[in-house]
Amino acid sequence: MNGMLNLLGQMRRHARRATPMALFSLLATLTPAIAFAHSVVYPKKSTAGAYERYVLRVPNEKNVATTRVEIRFPEGLRITDFQEVPGWTLQVLTDSAKRIVGAVWTGNLPPQRFVEFAFMAANPKTATSLVWPVYQTYEGMPRVEWTGPKGSKTPASVTEISPADSAAVAGAGAGAAAPGAIAPASSFQWVQWLALVIAVIALGVAIRPKDRAA
Ligand SMILES: [Cu+2]
(Lines give C-alpha, C1' and ligand atoms only; values in the text may rest on other atoms or scores of the structure.)
Protein backbone atom coordinates (compact mmCIF):
# COMPACT_ATOMS: atom_id res chain seq x y z
CA MET A 1 0.00 0.00 0.00
CA ASN A 2 2.87 2.37 0.81
CA GLY A 3 4.26 1.67 -2.62
CA MET A 4 0.95 2.63 -4.20
CA LEU A 5 0.69 5.88 -2.20
CA ASN A 6 4.23 6.62 -3.20
CA LEU A 7 3.33 6.01 -6.84
CA LEU A 8 0.31 8.31 -6.54
CA GLY A 9 2.50 10.98 -4.96
CA GLN A 10 4.87 10.78 -7.89
CA MET A 11 1.98 11.01 -10.33
CA ARG A 12 0.72 14.12 -8.56
CA ARG A 13 4.17 15.66 -8.85
CA HIS A 14 4.40 14.80 -12.54
CA ALA A 15 0.79 15.25 -13.58
CA ARG A 16 1.71 15.72 -17.23
CA ARG A 17 3.56 12.46 -17.36
CA ALA A 18 0.69 10.71 -15.62
CA THR A 19 -1.65 11.05 -18.59
CA PRO A 20 0.15 8.73 -21.03
CA MET A 21 0.85 6.42 -18.10
CA ALA A 22 -2.85 6.29 -17.21
CA LEU A 23 -3.78 5.64 -20.82
CA PHE A 24 -1.24 2.86 -20.98
CA SER A 25 -2.67 1.24 -17.83
CA LEU A 26 -6.17 1.57 -19.22
CA LEU A 27 -5.13 -0.08 -22.49
CA ALA A 28 -3.40 -2.88 -20.62
CA THR A 29 -6.61 -3.41 -18.67
CA LEU A 30 -8.83 -3.45 -21.73
CA THR A 31 -6.66 -5.72 -23.90
CA PRO A 32 -7.88 -9.01 -22.35
CA ALA A 33 -11.45 -8.06 -23.32
CA ILE A 34 -10.42 -7.92 -26.97
CA ALA A 35 -9.13 -11.47 -26.59
CA PHE A 36 -12.74 -12.68 -26.24
CA ALA A 37 -13.06 -12.38 -30.03
CA HIS A 38 -10.99 -15.55 -30.40
CA SER A 39 -12.34 -18.92 -31.44
CA VAL A 40 -13.40 -20.42 -28.11
CA VAL A 41 -15.01 -23.60 -26.82
CA TYR A 42 -17.53 -23.11 -24.02
CA PRO A 43 -17.91 -23.95 -21.19
CA LYS A 44 -14.40 -23.16 -19.93
CA LYS A 45 -15.00 -25.30 -16.84
CA SER A 46 -16.69 -28.65 -16.50
CA THR A 47 -16.71 -31.73 -14.30
CA ALA A 48 -15.01 -35.10 -14.63
CA GLY A 49 -17.30 -37.80 -15.98
CA ALA A 50 -20.08 -35.33 -16.87
CA TYR A 51 -22.04 -35.46 -20.10
CA GLU A 52 -21.49 -31.94 -21.40
CA ARG A 53 -22.85 -29.79 -24.21
CA TYR A 54 -19.89 -27.91 -25.69
CA VAL A 55 -20.13 -25.00 -28.11
CA LEU A 56 -17.35 -23.88 -30.44
CA ARG A 57 -17.84 -20.18 -31.17
CA VAL A 58 -15.99 -18.86 -34.22
CA PRO A 59 -15.98 -15.11 -34.97
CA ASN A 60 -15.08 -13.65 -38.34
CA GLU A 61 -12.34 -11.12 -37.56
CA LYS A 62 -11.38 -10.21 -41.14
CA ASN A 63 -13.09 -8.64 -44.15
CA VAL A 64 -13.47 -11.86 -46.17
CA ALA A 65 -15.67 -14.88 -45.43
CA THR A 66 -14.65 -17.79 -43.20
CA THR A 67 -15.31 -20.90 -45.28
CA ARG A 68 -13.98 -23.79 -43.20
CA VAL A 69 -13.62 -24.58 -39.51
CA GLU A 70 -11.78 -27.61 -38.19
CA ILE A 71 -11.51 -28.74 -34.57
CA ARG A 72 -9.41 -31.51 -33.03
CA PHE A 73 -10.87 -33.14 -29.93
CA PRO A 74 -8.71 -33.62 -26.84
CA GLU A 75 -7.79 -37.17 -25.91
CA GLY A 76 -9.92 -38.72 -23.18
CA LEU A 77 -13.04 -36.90 -24.37
CA ARG A 78 -15.74 -39.06 -25.97
CA ILE A 79 -17.77 -37.15 -28.56
CA THR A 80 -21.25 -38.56 -29.10
CA ASP A 81 -23.09 -36.24 -31.52
CA PHE A 82 -23.25 -32.83 -33.17
CA GLN A 83 -25.92 -30.18 -33.45
CA GLU A 84 -27.08 -29.50 -36.99
CA VAL A 85 -26.04 -26.00 -38.11
CA PRO A 86 -28.04 -24.59 -41.05
CA GLY A 87 -25.82 -23.62 -44.01
CA TRP A 88 -22.87 -25.68 -42.78
CA THR A 89 -21.79 -29.16 -43.91
CA LEU A 90 -20.24 -31.39 -41.26
CA GLN A 91 -17.54 -33.97 -41.83
CA VAL A 92 -16.71 -36.10 -38.78
CA LEU A 93 -13.10 -37.28 -38.48
CA THR A 94 -12.47 -40.67 -36.87
CA ASP A 95 -9.39 -42.78 -36.16
CA SER A 96 -8.91 -46.47 -37.03
CA ALA A 97 -10.77 -47.45 -33.84
CA LYS A 98 -13.79 -45.34 -34.98
CA ARG A 99 -13.21 -42.85 -32.16
CA ILE A 100 -14.25 -39.30 -33.14
CA VAL A 101 -11.05 -37.25 -33.19
CA GLY A 102 -12.16 -34.12 -35.02
CA ALA A 103 -14.76 -32.32 -37.09
CA VAL A 104 -14.73 -30.10 -40.16
CA TRP A 105 -17.52 -27.66 -41.00
CA THR A 106 -17.64 -25.99 -44.40
CA GLY A 107 -19.94 -23.08 -45.17
CA ASN A 108 -19.86 -19.31 -45.36
CA LEU A 109 -19.48 -16.87 -42.47
CA PRO A 110 -19.51 -13.21 -43.59
CA PRO A 111 -17.43 -10.54 -41.85
CA GLN A 112 -18.72 -9.25 -38.46
CA ARG A 113 -20.58 -12.47 -37.73
CA PHE A 114 -19.92 -15.43 -35.53
CA VAL A 115 -21.12 -19.00 -35.85
CA GLU A 116 -21.58 -21.61 -33.11
CA PHE A 117 -21.07 -25.34 -33.48
CA ALA A 118 -22.44 -27.42 -30.60
CA PHE A 119 -21.61 -31.00 -29.77
CA MET A 120 -22.22 -33.45 -26.92
CA ALA A 121 -19.39 -35.23 -25.17
CA ALA A 122 -18.62 -37.46 -22.20
CA ASN A 123 -15.84 -35.86 -20.16
CA PRO A 124 -12.73 -37.73 -19.00
CA LYS A 125 -13.24 -39.46 -15.64
CA THR A 126 -10.43 -37.55 -13.91
CA ALA A 127 -9.49 -33.88 -13.54
CA THR A 128 -7.55 -32.52 -16.50
CA SER A 129 -7.25 -29.64 -18.96
CA LEU A 130 -8.95 -30.09 -22.32
CA VAL A 131 -7.07 -28.20 -25.04
CA TRP A 132 -9.04 -27.52 -28.24
CA PRO A 133 -6.97 -26.88 -31.40
CA VAL A 134 -9.10 -25.05 -33.99
CA TYR A 135 -8.19 -24.17 -37.58
CA GLN A 136 -10.12 -21.35 -39.24
CA THR A 137 -9.90 -20.85 -42.99
CA TYR A 138 -10.68 -17.50 -44.62
CA GLU A 139 -11.33 -17.19 -48.35
CA GLY A 140 -8.02 -16.94 -50.21
CA MET A 141 -5.90 -16.65 -47.04
CA PRO A 142 -3.65 -18.97 -45.03
CA ARG A 143 -5.65 -20.61 -42.25
CA VAL A 144 -5.62 -19.20 -38.73
CA GLU A 145 -4.34 -21.79 -36.28
CA TRP A 146 -5.90 -21.44 -32.84
CA THR A 147 -3.25 -23.65 -31.27
CA GLY A 148 -1.00 -21.24 -29.37
CA PRO A 149 -0.38 -21.01 -25.63
CA LYS A 150 -2.52 -18.84 -23.35
CA GLY A 151 -1.77 -15.16 -23.92
CA SER A 152 -0.51 -15.67 -27.47
CA LYS A 153 -2.07 -14.03 -30.53
CA THR A 154 -4.01 -17.16 -31.51
CA PRO A 155 -4.36 -19.22 -28.32
CA ALA A 156 -6.01 -22.63 -28.18
CA SER A 157 -9.16 -22.64 -26.09
CA VAL A 158 -8.90 -24.61 -22.84
CA THR A 159 -11.58 -26.21 -20.66
CA GLU A 160 -10.61 -27.11 -17.09
CA ILE A 161 -12.11 -30.39 -15.93
CA SER A 162 -12.45 -30.49 -12.16
CA PRO A 163 -12.90 -33.64 -10.04
CA ALA A 164 -16.46 -35.02 -9.98
CA ASP A 165 -16.93 -34.19 -6.28
CA SER A 166 -14.26 -31.83 -4.95
CA ALA A 167 -15.59 -32.02 -1.37
CA ALA A 168 -15.52 -35.81 -1.35
CA VAL A 169 -12.04 -35.82 -2.85
CA ALA A 170 -10.76 -33.37 -0.20
CA GLY A 171 -12.43 -35.39 2.56
CA ALA A 172 -10.80 -38.58 1.31
CA GLY A 173 -7.45 -36.81 1.48
CA ALA A 174 -6.66 -37.46 -2.16
CA GLY A 175 -4.79 -34.22 -2.83
CA ALA A 176 -4.19 -34.88 -6.50
CA ALA A 177 -6.72 -32.27 -7.62
CA ALA A 178 -4.28 -29.33 -7.26
CA PRO A 179 -6.70 -26.50 -6.34
CA GLY A 180 -3.77 -24.15 -7.02
CA ALA A 181 -4.43 -24.62 -10.72
CA ILE A 182 -7.18 -22.01 -10.52
CA ALA A 183 -5.00 -19.44 -8.72
CA PRO A 184 -3.11 -17.92 -11.69
CA ALA A 185 -6.38 -16.93 -13.41
CA SER A 186 -7.91 -15.26 -10.34
CA SER A 187 -4.71 -13.47 -9.34
CA PHE A 188 -4.46 -12.25 -12.93
CA GLN A 189 -7.96 -10.79 -12.60
CA TRP A 190 -6.94 -9.17 -9.34
CA VAL A 191 -4.00 -7.50 -11.08
CA GLN A 192 -6.33 -6.30 -13.85
CA TRP A 193 -8.67 -4.69 -11.32
CA LEU A 194 -5.76 -3.05 -9.54
CA ALA A 195 -4.50 -1.70 -12.88
CA LEU A 196 -7.94 -0.30 -13.63
CA VAL A 197 -8.21 1.41 -10.24
CA ILE A 198 -4.73 2.93 -10.61
CA ALA A 199 -5.53 4.06 -14.14
CA VAL A 200 -8.75 5.78 -13.09
CA ILE A 201 -7.06 7.50 -10.13
CA ALA A 202 -4.15 8.57 -12.32
CA LEU A 203 -6.53 9.99 -14.93
CA GLY A 204 -8.29 11.96 -12.19
CA VAL A 205 -4.96 13.30 -10.96
CA ALA A 206 -3.90 14.19 -14.49
CA ILE A 207 -7.15 15.89 -15.48
CA ARG A 208 -7.65 17.86 -12.27
CA PRO A 209 -6.69 21.53 -12.82
CA LYS A 210 -3.45 22.52 -11.14
CA ASP A 211 -3.80 24.11 -7.71
CA ARG A 212 -2.79 27.71 -8.02
CA ALA A 213 -0.94 29.11 -5.01
CA ALA A 214 -3.17 31.92 -3.72
CU1 LIG B 1 -9.54 -12.92 -31.60
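Me: Which residue of E7 is the bridge partner of Ile71?
Reply: In this predicted model, Ile71 has Ala103 as its bridge partner in E7.

Me: How do you know that E4 and E7 count as paired?
Reply: Pairing requires at least two bridges found by DSSP. Strand E4 (residues 66–72) and strand E7 (residues 100–109) are joined by six bridges, so they meet that cut-off and count as paired. The two strands run antiparallel.

Me: Why are E2 and E9 called edge strands?
Reply: Good one! Three strands form an open sheet in the order E2-E12-E9, with mixed pairing. Strand E2 (45–47) and strand E9 (128–132) each pair on one side only, and that is what makes them the edge strands. Neighbouring strands of this sheet are turned by 30° against each other on average, direction ignored.

Me: How do you know that E9 pairs with E12?
Reply: Five bridges join E9 to strand E12 (residues 157–162); the cut-off is at least two, so this is a pair. These strands run antiparallel, and one of the bridges has Trp132 partnered with Ser157 in E12.

Me: How many helices and strands are there in the protein chain?
Reply: The chain holds four helices and 12 strands.

Notes:
Residues are numbered from 1 along each chain as its sequence is written. This is a predicted model: local features need pLDDT of at least 70, side-chain atom pairs count only at pLDDT 80 or more; totals for chains, interfaces and linings use all residues. Axes are lines fitted to C-alpha atoms, for helices over the stretch in contact, and angles run from 0 to 180 degrees between N-to-C directions.
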